[in-house]
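Here are my notes on this one, as promised. Have the model open while you go through them.

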Amino acid sequence: MATVGILGLGLIGGSLGLDLTRLGHRVLGVSQRGSTCALACERGAVSIASTNWQLLKQAEVVFSCVPLDRVLASVVRLGTILTPGTVITDVASVKDPIVAQATQQWPWFVGGHPMAGTAEQGMGAALHHLFRQRPYVLTPLANTNRQALSQVETLIRPLEARVLYCDPVAHDQAVALISHGPVFISAALLQTVTQVPLELKKLTQQLASSGFRDTSRVGGGNPELGLLMAQHNQKAVLAVLAQYQQQLTQLQQAIEQSDWTWVEHYLKTSQGARPDFVRELE
Ligand code: NAP
């Protein structure tokens, strides 16, 4: 069993703490607020918690679970505290802007991203088994320390996650397609529906049911997270929005021209593609 540090006891850090503690590891938690540390202890997500980063000195592996825009700064600061050889890994949802720089700062850095979450934030929202059956992507570079990579993998495999490896740029393109892009597409749908005359808006709201609940869910999520996705994965998000716009233009033209054969083929192809694409999620 290992001594594991978790920096940032929020939804992801707290959930990792719950599972790693259950698996018998000694978990040292560090967070910004004392109240979060107290809650993490109370919920059994950590063996001990503090707002003092020095606590992490004893860890063999540290998971940086702070917000995306603070990960690099956290690696720099951890580098002034940890003993050389201690592994740092992160969980941020964008990898390319982080992994190479973090590895330069700390040669025992391993990029990671558990593809699991909820709409909630903070230690109170942390869940047992959050990572079970979900992909957990590791994004090593050619110069990533192999021993560090293997230590991270050994810790995350028992979470019952599906461990995958990929290049950071490919990771960012893929998450832009299935996660970051859809946030903006769904937000645009919400804006479309709510920016109509008041009478129509009221009626629309009364008629909206489970379909609209599904299509609007990710667009109505935490704006801070969406903004971080656009800022830190700008190129890949723009590429998805451009491709999506092309699809919409094609659809618009076909409907304008009453080209129902084309529209039917388009919808049949979409219907056929979905079961295979989302098979692992059901
Ligand atoms: P969260 O619930 O808001 O948790 C972040 C935690 O970081 C907060 O609880 C905060 O602690 C702590 N924190 C912030 N700045 C800190 C600092 N300077 N020092 C120490 N602790 C600090 O966010 P989250 O959803 O867990 O996201 C954390 C990371 O996971 C992000 O990098 C995100 O990209 C990644 N991620 C998120 C999801 C998701 O669905 N949410 C999925 C996969 C990966 P206090 O409470 O003490 O202020």
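**Notes on the surface and the ligand site**

1. Phe-277 is exposed, at 64% relative accessible area (exposed means over 50%, buried under 20%, partly exposed in between, with a 1.4 Å probe and protein chains only). Before you go further: this is a predicted model, where local features need pLDDT of at least 70, side-chain atom pairs count only at pLDDT 80 or more, and totals for chains, interfaces and linings use all residues. Residues are numbered from 1 along each chain as its sequence is written, and side-chain values use heavy atoms, with hydrogens and water left out.

2. Phe-277 sits in helix 11, residues 260–277 (helices are DSSP runs of H or I, at least four residues; strands are runs of E, at least two; both are numbered from the N terminus). Together with Leu-177 and Ile-178, Phe-277 makes a nonpolar surface patch of about 340 Å² accessible area (Shrake-Rupley method, 1.4 Å probe, only the protein chains shown counting as cover for residues). Patch members have over 30% relative accessible area and no salt bridge, and nonpolar side chains (Val, Leu, Ile, Met, Phe, Trp, Tyr) are joined within 5 Å, like charges within 9 Å. A salt bridge is a side-chain nitrogen of Lys or Arg within 4 Å of a carboxyl oxygen of Asp or Glu.

3. Now the ligand: 25 residues surround it, with Ser-31, Arg-33, Thr-36, Arg-70 and Gly-122 the closest (a heavy atom within 4 Å). Helix 1 (11–22) and strand 7 (112–114) each contribute at least two shell residues.

4. For polar contacts (N or O pairs within 3.5 Å), a side-chain N or O atom of Thr-36 is 2.7 Å from a ligand oxygen. The protein covers 87% of the 900 Å² of accessible area that the ligand has on its own.

How values were computed: A polar contact is a pair of N or O atoms within 3.5 Å; within protein, one must be able to donate a hydrogen and the other to accept it, and residues adjacent in sequence count only if both atoms are side-chain atoms.
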